[in-house]
Amino acid sequence: MAFNSADIGAFKNVWVFCEQRQGVMMPTTFELISEGRKLANELGVELCGILLGDNVDGIAPELGKYGADKVYVYNSPLLKDYTTDGYTKVIVEAVEEIKPEILLFGASNIGRDLAPRCAARLHTGLCADCTHLDIDMPNYKGFLTEASTLPAERIEKLGTVMINREPHSVERDLKMTRPAFGGHLMASIICPRFRPAMATVRPGVMKKRECPKTAEIIHPAFNLTAEDIGTEVVETVKAAKKLVDLIGADFIVSVGRGISKDVEKGIELGQALADELGGVLGSSRACVDAGWITADHQVGQTGKTVHPKVYVALGISGAIQHKAGMQESECIIAVNKNENAPIFEVADYGIVGDLFKVVPELIESIRAAKAAK
Amino acid sequence: MKIIVTVKQVPDTSGKVAVNPDGTLDRASMQTIINPDDMNAVEAALQLKDELGCKVIAFTMGPPPAEGMLRELMAMGVDEGVLITAREFGGSDTFATSQIIAAGISHYGIDPDDIILAGRQAIDGDTAQVGPQIAEKLHLPQVTYAGEIHKDGNELTVKRILEDGYMTIKVKTPCMITCIKELNQPRYLSVGGAFEAYSKPLVVMTYETLKDHPLIDKSTIGLAGSPTNILTSFTPPQKGAGMMLEGAGKETTDKLAGILAAKHII
């Protein structure tokens, strides 16, 4: 029988696309497995990984550690390098055959290339760059109570929506929440009429949690030939310079436009404070756009979402995109000459002053405070 | 050979954004701009035009005022504009939008040596989905996140940027490439170009134009044809006010360091 994405009752289980590069699992994959485990528990179904590559069986069992019940592994020399066409064909045919109800991807440059292509071919809905996922309605309402300014009575009433003039209960739908309009608005999206409900999930947002299981490794038969792939990967190059790991950092010191007076000195001071704290140097988009610092340092909407223990913003005014990328930090310290800078709205501690003067003193103070312990 | 660039008029979200009491965006009070990544796609098209002398056509879907954006692009050097506009197309999600734009491009006609360029993503939705979904519906190969594009005959070599490096990818025309800001520096419109802009052709495609295309069906376009629906939209709460430390001297930094030490943060 032909595949029908609207035959909702035929779909079951939660799937996670397990992205690997050069045979190494991307860290986001484990975050997604943990999140997928939560969703599968709420639905009372299995969590399965789908892993594509060349000879990648060795990295499949680790998915069990975070709660995968099964891993469908597809090995082929044609899947060694990521290609849109090759990966789309294998994933779409697997979905058509096994019919998962939910399919999650990391919102990496590869996930965001692959997921829309799969969703279009499967004729189903895809929500981009999600930062929160729910099935369970009480949990979802609890999340809205915490994370939104919606009145309690409106949150309480949620549960049934009109879809093409018919009432539809969203009890078992995946509620996919994401920022829109540069983080000014949040929206919860559902995919009520088609399966699988698909989402790409922003890296660094979901928490990795161990949930040891022995994942069953399955090798389904599949069909892929060189003719199926319309592009040729000439080479894959890893950046020579070690990129800054903002997502994993406990301490981040970011610099913004405020360093413009003396860019070199400003970056040096930011780095020195980061070193003193044992952290890494971040930046606002303005510094990247001006060419002062490389893009791997950028925090914010089009950069990265971070939640370190301490985030220090030096000379950053706090554009909404930047705030969206760092406001979940446990402790935010802002130094800015302008007392009206929006960054102070999210700061736990604010100092109005010239960063070129404040930072050297702050480094000294921190050194002294550590020594006194 | 021709180059089709898909563009979108978006509210400028970089400045102050106005939100209605019901949690939707107050678009009326906001400036509209050409989506920034789309400007890089337009520039890439114009550079290929400068080199090869091919025609560049800008495609957009939106309300009739989007014509103004197309005229601006014509002033920069785009040869022709196509505006896809109809009440039936309103409320479309990325799936339905790509369905309609793909139908429009297909209706216009794709030749074997054509290239379709798009911006990576639009700043209103930040989905990055419409480009790949247009490619899927036109059965074209795609390369996203293009940081460099070189053309040699009917083969393009594209540097596809990854978070941890890049891939070099070869792809034959016709194909879809999505462009990022690292690709180039968009040009300004010229005074001479502004005069010419209004004499260049503008094609309007309505529901009537596209309704017989195989991609266009009531079940695949507009709100009713969109697989996704918005359950609710909301504004995040502002964080509670923090502590502003008085003065910018050494005693202030000492106080801050003291607090951090007391909280075992350092």
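This is a predicted model: local features need pLDDT of at least 70, side-chain atom pairs count only at pLDDT 80 or more; totals for chains, interfaces and linings use all residues.
1. Strand β16 (residues 251-255) and strand β18 (residues 310-314), both of chain A, run parallel and are joined by 5 bridges. Strands here are DSSP runs (E, at least two residues), numbered from the N terminus, and helices are runs of H or I of at least four.

2. Residues are numbered from 1 along each chain as its sequence is written, while chains are lettered from A and ligands numbered from 1 in the order in which they are written.

3. Zooming out, the open sheet has 6 strands with parallel pairing, in the order β17(A)-β16(A)-β18(A)-β19(A)-β20(A)-β13(B); pairing takes at least two DSSP bridges between two strands. β17 (280-283) of chain A and β13 (243-245) of chain B stand at the edges with a single partner strand each, so one side of each is left without a neighbour in the sheet. Direction ignored, neighbouring strands are turned by 20° against each other on average.

4. Then there's helix α7 (residues 263-277) of chain A, which packs on the sheet and touches β16, β17 and β18 of chain A. Contact means C-beta atoms, placed from the backbone, within 7 Å. The direction of α7 makes about 170° with that of β16(A) (axes are lines fitted to C-alpha atoms, for helices over the stretch in contact, with angles from 0 to 180 degrees between N-to-C directions).

How values were computed. Two residues are in contact if their C-beta atoms, placed from the backbone, lie within 7 Å.
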